[in-house]
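User: I'd like to go through this model with you. Can we begin with the voids inside it?

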Amino acid sequence: MARRDVPLTGVERFFEPDEVIVSKTDLKGRITYANRVFQRVAGYGEEELLGQPHSIVRHPDMPRCVFKLLWDTLGAGQEIFAYVINRARNGDHYWVFAHVTPSYDESGRVIGYHSSRRVPERSAIEKVVPLYRTLLEIEDRQADRKQGMEAAFAAVVALLTEKGIGYDEFVFSL
């Protein structure tokens, strides 16, 4: 279960550039596999992660609209890249550059999702932090969580339209 009751420490955790955090989930986002790097960085044992929603590592500074974008993209059968701030078990945080793809069975049906997370470029994080702050402010200004997510999602779409680029191009331009 998510550790939302643990206060944030403000301490950032790091992992090595040659390491990859890997997890797999079922269609509902419940963890079915977590490699040792994930376990170490997140501060959970395998038995604590398996069967839990991947949101067990969700950090409150992560805009919900980014997860909407992620789920919409995966639902369309496409891969997605995203910068994500996660929360470790003890309240520390860690940034990742995530690549999430659908997983298929032999007949081509989506049966889950595979996520590989690498160390992000610090220069990209410096650009993402103010954007995510703005998106969180938009989410928080609305009457309810769903309206907040939709308003922030619309802001992301407007930003991409203004720049004349797609989401992938935007992410890789950071």
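User: How many cavities of 30 Å³ or more does a search of the whole structure find?

Analyst: Two. A cavity is a set of points on a 1 Å grid over the protein atoms alone where a 1.4 Å probe fits but cannot get out, and lining residues have an atom within 4 Å of a point. Points are joined across faces, edges and corners, and a volume is the space filled by probe spheres set on them. This is a predicted model, where local features need pLDDT of at least 70 and side-chain atom pairs pLDDT 80 or more, while totals for chains, interfaces and linings use all residues. Residues are numbered from 1 along each chain as its sequence is written, and side-chain values use heavy atoms, leaving out hydrogens and water.

User: What is the volume of the largest cavity, and which residues are closest to its centre?

Analyst: Its volume is about 140 Å³. Of the 14 lining residues, Val66, Leu131, Tyr132, Tyr167 and Phe170 are the closest to the centre.

User: Which helix gives the most to that lining?

Analyst: α4, with four residues. Helices are DSSP runs of H or I with at least four residues, strands are E runs of at least two, and both are numbered from the N terminus.

User: And the lining of the largest cavity by class?

Analyst: It has 14 nonpolar, no polar and no charged residues. Here Ala, Val, Leu, Ile, Met, Phe, Trp, Tyr, Cys and Pro count as nonpolar, Asp, Glu, Lys and Arg as charged, and the others, Gly among them, as polar.

User: What about the second largest cavity, what lines it?

Analyst: Its volume is about 60 Å³. The lining is Glu12, Arg13, Phe14, Phe15, Tyr94, Trp95, Val119, Pro120 and Arg122, which by class makes six nonpolar, no polar and three charged residues.

User: How far is Pro102 from Met149?

Analyst: They are 23 Å apart, C-alpha to C-alpha, and 47 residues apart in sequence.

Notes:
1 Å grid on protein atoms, 1.4 Å probe; cavity = no way out; pocket = protein on both sides within 12 Å on 5 of 7 lines; lining within 4 Å.
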